Structures are given as structure tokens and as C-alpha cells.
Amino acid sequence: MWRVLQTFSKQGIVFVITFLSAKLLTPINFGNYSYILTIALFTVTLSDMGVSAAISRFVSESKAKKSNNEDKFLISGVISVFTISSLIVVICYLVLPVFLEERMNLFYLIMPVIIFSPIASVFDGYYRGIGRFKKISIISFFNGIFSIAYIYLLIDGFGLKGALVSQSLFYVLLVISYIFTYKNRKSIRWDISQAKKIISYSVIIGLSSVAAFFYSKVDILILGKFGYIKEVGYYEL
């Protein structure tokens, strides 16, 4: 029950942003929103690359064996995805202007998602691994309830830019909530051996995530590349 509430709170807000954007934006702007968001989600998939799922596996294994490495896996996962996502942000900054052209200024507004969404997923995987479903559910639920107000105000007041900023703001606040509610901040240390173990295992999961993206979202990238921006919005719905 708690897991359902947590998933609904987190993914439900993404749906709310999409729904309000479709309702409040023009078809062209909603198409641009969907196109830019899809590119961002692809980079998020590369940034995470299965690390959050790997964290859940190793943390639950550590807890079962009573090896007390759960916190080491958490910090190793956070540092790993932060390093990968920061590198991807730099690549996006250098490469994407060629493809997005005038839309690149809009893409900058959603860049924080590339870093903060994978970090939020790592915390999610950690709490799943130790069985703290109630805690992550409460964090996600109250963040979701709080988010609805500013999401509507941002989209209604700033249109397309507001919709993109609301995505970034949601994940930033979610990560901040995870950090401030985590109780073992002083005792955790980065362990490079744990990081290597996580990354080597996560690559397998990450490849399947990339494959899932290609059969579900790649159509939007192709439509956008050929200028069918309005149609992208209808396809996203």
C-alpha cells in the first residue's frame, strides 16, 4: 500500500504537469514541451543507467547479510550518478545546440532534471532496499501535494517555460527532502569498491532501460526532428 502511494505521488505529479501543460498551453507549445522533455528523459535514462535499481539490490542484500554496508552503497550510488549526469550535462551543453537550435534556451530550464532525477531514484532505491516504504511514501506524498500549487501557478503564469521549470523544481525539492530526512549523514563514506560493484551491475539494467525508451519514446524525437511539433503533443497524450 505504501509503495503504491509513493509511486502514485511521484509519477502522478509528472502526469499532473503533463495534463496542466496540455490544458493551459497552445498545441505548439505543448508539442515543444513534450519534445524537450523527451530529450531530457533520454539523458536521465543515461545518467541513471540502472544505478537506482542496483542500489536496491545491493542494499537489501547487505541488510540480509547484516554486513552494514547500506549507507556506503547509498553514498557511492549518489556520487556515481552525480558524476555521470554532470558529464552528460556538459555533453548536452556542447552537442545539443546543433540539434535544438533556438529551443536550446528552453532546454537549459530542464537541465536540473538530468542531475536531480537520478539522485532521487538512488534514494528511492536505497529506501526500497532497507524496506522503508512508509518513509519514502510520506516524503513523496507531501512533496506531491505541495507541488500542485506552484506547478499550476508556473504554467499559468509563464507558459512553456513555467512547465519546464516545474519539472526541474519538483525533482530539486524531492532530493532536498530526501537529504534532510536522511539521519546518517555524518557516518557515511564513499567506497570506490562499492561504486564499481554498483556500476558493473547497473549497466545490464541500464541497457534494458535504454531499450525501453527506444520502443516507447523515440517516435517523439523523430517527429520533432522533422518539424512535426504540434503532432508531438498529440502523440505524447
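## Overall fold

Among contacts in the protein chain between residues at least 6 apart in sequence, 81% join residues at least 24 apart; contact here means heavy atoms within 4.5 Å. The model is a predicted one, in which local features need pLDDT of at least 70 and side-chain atom pairs count only at pLDDT 80 or more, while totals for chains, interfaces and linings use all residues. Residues are numbered from 1 along each chain as its sequence is written, and side-chain values use heavy atoms, with hydrogens and water left out.

The protein chain contains nine helices and zero strands, which gives the pattern α-α-α-α-α-α-α-α-α along the sequence. Its radius of gyration is 18 Å, close to the 18 Å of the globule rule for 237 residues, so the chain is as compact as a globular protein of that length. This radius is taken over C-alpha atoms, and the rule is 2.2 Å times the number of residues to the power 0.38. Helices (H or I, at least four residues) and strands (E, at least two) are DSSP runs, numbered from the N terminus.

## Dimensions and surface

The C-alpha trace of the protein chain spans about 55 × 35 × 30 Å along its principal axes.

Of the 237 residues, 50% count as buried. Buried means under 20% relative accessible area, exposed means over 50%, and partly exposed lies in between (1.4 Å probe, protein chains only). Leaving aside neighbours within four places in sequence, T43 is in contact with I88, C92 and I114.

Helix α4 (residues 70-100) has a kink of about 40° at L94, shortly before the proline P97. The bend at a residue is the angle between axes fitted to the seven residues ending there and the seven starting there.

Just after α4, E101 takes a positive phi of about 50°. Most residues other than glycine have a negative phi. E101 is found in the loop between α4 and α5 and is exposed, with a relative accessible area of 54%.

## Salt bridges

Side chains of opposite charge can pair when their charged atoms come close. A salt bridge is a side-chain nitrogen of Lys or Arg within 4 Å of a carboxyl oxygen of Asp or Glu, and by this rule the count comes to five. In one of them, D124 pairs with R3, the closest N and O atoms being 3.3 Å apart. D124 lies in helix α5 (residues 104-129) and R3 in helix α1 (residues 2-24), so this pair ties together parts that are 121 residues apart in sequence. D124 is buried at 6% relative accessibility, whereas R3 is partly exposed at 30%.

Another salt bridge links K217 and E236 (3.1 Å, N to O). K217 lies in the loop between α7 (192-216) and α8 (218-225) and E236 in helix α9 (residues 229-236), so the pair ties together parts 19 residues apart in sequence. Salt bridges that share partners join R3, D124 and R128 into one network.
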